[in-house]
Amino acid sequence: RFREICRWAKENSLFYKKKLHGIEPEDIRTLEDVSKVPITEKDELREAQVGKEPHLYGDLLAVPPESLSVFHQTSGTTGRPVYIPDTYESWQWVVEVWCYILYAAGFRSTDRVFLPFVYNVYIAFWQGHYAAEKLRCNVVPGGALETKARIQKMQEVKATALMNTPTYGLHMAEVAREMGIDPKRDLTIKKMICAGEPMPEPTRLRLEEEWGADVYDHIGGTEPGGWAGMCSEKRGMHVIEPHFLLEMVDLETMSKSIPPGVRGVAVITSLCRRCIPLIRFNLKDIMMVMDEPCPCGRTSIRVDQVEGRVDDLRKIRGVFFSPHMVEEVIRAKFPEVVEFEILLTQEEVMPVLILRIEMDPSLSEDQHKKSKARIREELKVKTNLTFEIESVKPGGLPRYTLKSTRFKDLTKR
């Protein structure tokens with residue numbers, strides 16, 4: 001399948017005709033041969049579309065423009081959005097892959113699935129909606145409602161399943177309690193699948209505690225679609241290998257293959273999506289392939305949870321730092337922290353890390369002070385870095401519906 005998609009891309013996509021120049025698909029016979037194919041970077045996708053015809057899709061497109069039926073784009077958080085279309089056939093493939101993800105998470109025809117989002121031009125919840133329909137779930141879109149109305153609608157229709165970002169799942173629980181509604185007692189949610197941002201294990205467990213539901217993760221993106229999902233064991237995520245080839249490369253050069261059990265960067269190839277081929281795409285997601293078999297019985301490659309992105313990795317005072325480390329500490333040990341954000345600033349030549357926290361307003365001044373001291377100590381142990389801790393009044397930090405941006409590097413300004 002890798003040979004086939006390389007052949008198709010080279011023959012039909014001007015971008016890959018240039019990128020794969022000198023590479024003959026029929027010569028690709030082993031994984032070592034695969035590693036000789038150049039990695040595709042997101043910036044290359046952008047450059048292949050800007051100012052190129054056909055409009056929006058440029059040199060990436062590998063099918064006639066008149067065959068396209070679906071449009072999505074990336075969020076643009078790391079630069080200009082990349083536009084990803086689908087034909088009717090390729091969109092059905094995208095939905096089918098998400099059926100694997102939902103089925104592994106226990107979604108069945110007996111579920112009433114609530115989606116608390118305006119889907120807009122972003123792919124994740126469109127995929128989830130149509131996949132849930134294909135599994136014959138009863139799907140309730142809640143996009144036009146604000147958070148309180150969504151919670152009331154969940155209660156009204158007795159929804160049993162949710163799809164949301166981890167951040168918004170926590171926010172909905174917070175708002176429900178403000179309304180006098182206990183998500184565990186007063187709502188009927190039994191399962192939740194999260195998308196849109198990395199979800200550390202402490203955050204997943206916090207969501208399970210807040211909702212009294214089974215919470216599952218998955219991995220995907222606009223360019224490749226969903227490509228791995230969590231099973232009932234909740235120990236990492238299974239790669240959907242009939243449709244994707246996953247490789248892991250080293251963190252330093254992002255080019256050398258690494259074995260299972262070593263943390264690195266994920267590189268993915270979509271084996272069946274032909275409208276805009278994606279060959280050895282650098283996801284810049286940091287994770288590790290797990291080498292022990294899963295008790296669920298599936299034999300596909302399994303990866304642990306995403307530990308953040310290379311884009312967010314910083315070397316501060318000689319120490320590698322990822323915002324993911326802070327979330328792990330906060331969600332695992334400090335339930336009194338309602339919301340937080342991390343600022344990286346600079347005083348003269350020295351970098352400074354600031355953690356802004358919004359505490360449960362029921363805490364006394366003494367409890368608040370003790371929590372701040374403990375947070376500073378725990379972060380020092382976890383990261384080997386010293387943080388300045390700033391308190392923010394209740395409601396003072398932003399709440400995110402889609403992808404959260406809790407890490408702000410102010411040194412780039």
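Biologist: Which residues of α7 are buried?

Modeller: Residues are numbered from 1 along each chain as its sequence is written, and side-chain values use heavy atoms, without hydrogens and water. As the model is predicted, local features need pLDDT of at least 70 and side-chain atom pairs 80 or more, while totals for chains, interfaces and linings use all residues. Helices are DSSP runs of H or I with at least four residues, numbered from the N terminus, and buried means under 20% relative accessible area with a 1.4 Å probe, protein chains only. In α7, residues 147-157, the buried ones are Thr147, Ala149, Arg150, Ile151, Met154 and Val157.

Biologist: How are α7 and α8 oriented to each other?

Modeller: Axes are lines fitted to C-alpha atoms over the stretch in contact (heavy atoms within 4.5 Å), and angles run from 0 to 180 degrees between N-to-C directions. The two axes lie 10 Å apart at an angle of about 80°. Angles of 65 to 115 degrees count as roughly perpendicular. Therefore α7 and α8 are roughly perpendicular.

Biologist: Which residues of α8 does α7 meet?

Modeller: On the α7 side, the residues are Thr147, Lys148, Arg150, Ile151 and Met154. Their partners in α8 are Tyr168, His171, Met172, Val175 and Ala176.

Technical notes. Buried < 20%, exposed > 50% of the residue type's maximum accessible area, 1.4 Å probe, protein only. Helix = DSSP H or I, 4+ residues; strand = E, 2+ residues; numbered from the N terminus. Parallel < 35°, antiparallel > 145°, perpendicular 65-115°, else oblique.
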